[in-house]
Amino acid sequence: MTFDYVARRARLAELLPARGVDALLVTSPVNVRYLTGLASSNAAVLVRADGTALLATDNRYIEAARALDVPSVEAYDVAEQLAEPGVGIEAAWMSVATYRRLDKGLVPLEPVVELLRAVKDDGELELLRTACQITDQAFADVSVKIAPGITERDLARLLDNRMTELGADKPAFDTIVAAGENGAIPHHAPTGRQLRAGDLVTMDFGARYQGYHADMTRTVCLGAPAAWQREIYDLVAEAQRAGRHALAPGAGAKEVDAAARTVIEDAGHGEHFRHGLGHGVGLEIHEEPFLGPSRTGRLEDRVPITVEPGVYLPGRGGVRIEDTLVTREGGPELFTKTTKELLVL
C-alpha cells in the first residue's frame, strides 16, 4: 500500500502559521511514520511552513530513509541539525530533559499531527478493514473451542495465534480474556483461571495489519444465561446500538458518549459503566478522537472509531460489546461484523 506522504506534510504545513511557528519538529515515532513512511524507533522529521521537510534518523535506518519520498535525509544529532528558533515541538513526546538540553527557543505545541491522522484516506481504511476482517475470522475460528476447562490465558493465546495465522502482523494489543467475576474488571489481564459453566466470558482483542489496528470485544456465555446475565447483556447491547447510531460527521464527542451512557444510567447501572464510550483507531490502538463525558470536539467524515459500552458488577461479572466503525455521511460503516447477539456456548 502506498500513501501520499507529500500531501500529508503539505496539510500539516498549512496548520503551522496559525500556531505561531515556522516549522514543527515531529519526534513521535508514529507521527514520523505517518508523515514519511519510515517505521523506526529513532527518527524525527522537521516540516516547515513552506512545505519542505528534513527527515533525520540514525545509521540503523538511514538507507531505508533515503528510499522514501522526502527531499532531504540525514543521519543526525537532533540537537545540532533540527532544532531551530521558532520551531514547534510535540510537547507530548519530547522529554523535559531533551527540551532543556536543546534550549533554542523551541515552542511546545499541543497535538497537531494526531488531528490530521484522525481522518483516514482510502488506503488506510482498506488496511483497517482487512485488520477487522482478520479479527472477525479469528473469533469465528476460535469460538468453537471455547469451553469449560480452558484457561483465560489459553483462550487469549488461541485468539492471538489465529490472528497471526490469518495474516496479522501481530495482535493489536494485549488480548483481554475475562471469565466470570473477572469480567467486572474492564482491562483484566488473562490468568490461569479456568472457564466454568455459567460464566460470562469477555474477549477484547484485535489484529494489527500493516501497522493498522482493529479492536473488537465480544461477551459469550457458557451455558444458558442467568436472568441477571441476560439483563445486563441486553442493556449493553441496547446502549451499543444507541452509540453506533449516534456516530455521524458533526456529532459531538460528548453527545455520542451520552447517547449510550444514558441508556445504562436510566437502567440504574450508571456507576457500573466506568470508562469512555470509545476511541479512534489507526496506526495506534488508542488515538484521536476519544468519546467520553468530558471530551470536546466534533467528529469528521471518515474517522474510524470504536463504540464499547460496558456494565461491570464487582464480584459477579460484566459485559462489554465493542465494534470498530467509520463515520460516514450516510451513516456509520461497520468494520467488525461478528454478531452482537449473545452467543451461548
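This report describes strands, helices, pockets and a cavity in one predicted model.

## Basis of the report

The model is predicted, so local features are given only at pLDDT of at least 70 and side-chain atom pairs only at pLDDT 80 or more, while totals for chains, interfaces and linings use all residues. Residues are numbered from 1 along each chain as its sequence is written, and side-chain values use heavy atoms, with hydrogens and water left out.

Helices (H or I, at least four residues) and strands (E, at least two) are DSSP runs, numbered from the N terminus. Two strands pair if DSSP finds at least two bridges between them.

Four strands make up an open sheet with mixed pairing, in the order 8-9-12-20. Its edges are strand 8 (176-179) and strand 20 (343-344), each of which pairs on one side only. Strand 9 (residues 200-205) is joined to strand 12 (residues 216-221) by six bridges in the antiparallel sense. The bridge partner of L200 is C221, in strand 12.

Helix 7 (residues 122-143) packs on this sheet and touches strand 9, strand 12 and strand 20. Contact here means heavy atoms within 4.5 Å. The direction of helix 7 makes about 15° with that of strand 12; axes are lines fitted to C-alpha atoms, for helices over the stretch in contact, and angles run from 0 to 180 degrees between N-to-C directions.

P148 lies in the loop between helix 7 and helix 8 (152-165). Leaving aside residues up to four places away in sequence, P148 touches L195, R196, A197 and L222. Between P148 and R129 there are 19 residues of separation in sequence and 32 Å in space, C-alpha to C-alpha.

## Two hairpins

Strand 2 (residues 43-48) and strand 3 pair in the antiparallel sense over five bridges, and A44 stands opposite A56 in strand 3. The hairpin of these strands has four residues between them, and in it G51 takes a positive phi near 95°. Strand 3 (residues 53-57) is mostly covered, with five of its five residues buried; buried means under 20% relative accessible area, exposed over 50%, and partly exposed in between (1.4 Å probe, protein chains only). From strand 3, A53, L55 and T57 point one way, whereas L54 and A56 point the other way.

Strand 13 and strand 14 also form a hairpin, with six residues between them. Three bridges join these antiparallel strands, and H279 stands opposite F290 in strand 14.

## The pockets

Rolling a probe the size of a water molecule over the atoms shows where empty space is left. The search uses a 1 Å grid over the protein atoms alone: a cavity is a set of points where a 1.4 Å probe fits but cannot get out, a pocket is an open set with protein on both sides within 12 Å along at least five of seven lines, and lining residues have an atom within 4 Å of a point. Grid points are joined across faces, edges and corners, and a volume is the space filled by probe spheres set on the points.

The largest pocket has a volume of about 380 Å³. Of its 28 lining residues, H187, D204, H279, H286 and E308 lie nearest its centre. Strand 13 (278-280) and strand 14 (287-291) are the elements that give two or more residues to this lining. The lining has eleven nonpolar, ten polar and seven charged residues, where Ala, Val, Leu, Ile, Met, Phe, Trp, Tyr, Cys and Pro count as nonpolar, Asp, Glu, Lys and Arg as charged, and the others, Gly among them, as polar. The second largest pocket holds about 270 Å³ of space. It is lined by 14 residues, with L115, E288, P289, T296 and R298 nearest its centre. Strand 14 gives the largest share of the lining of the second largest pocket, three residues.

## The cavity

One cavity of 30 Å³ or more is counted. The largest cavity has a volume of about 60 Å³, and its lining includes L24, W93 and P111. Strand 5 (87-90) and helix 6 each supply at least two residues of that lining, which divides into nine nonpolar, no polar and three charged residues.
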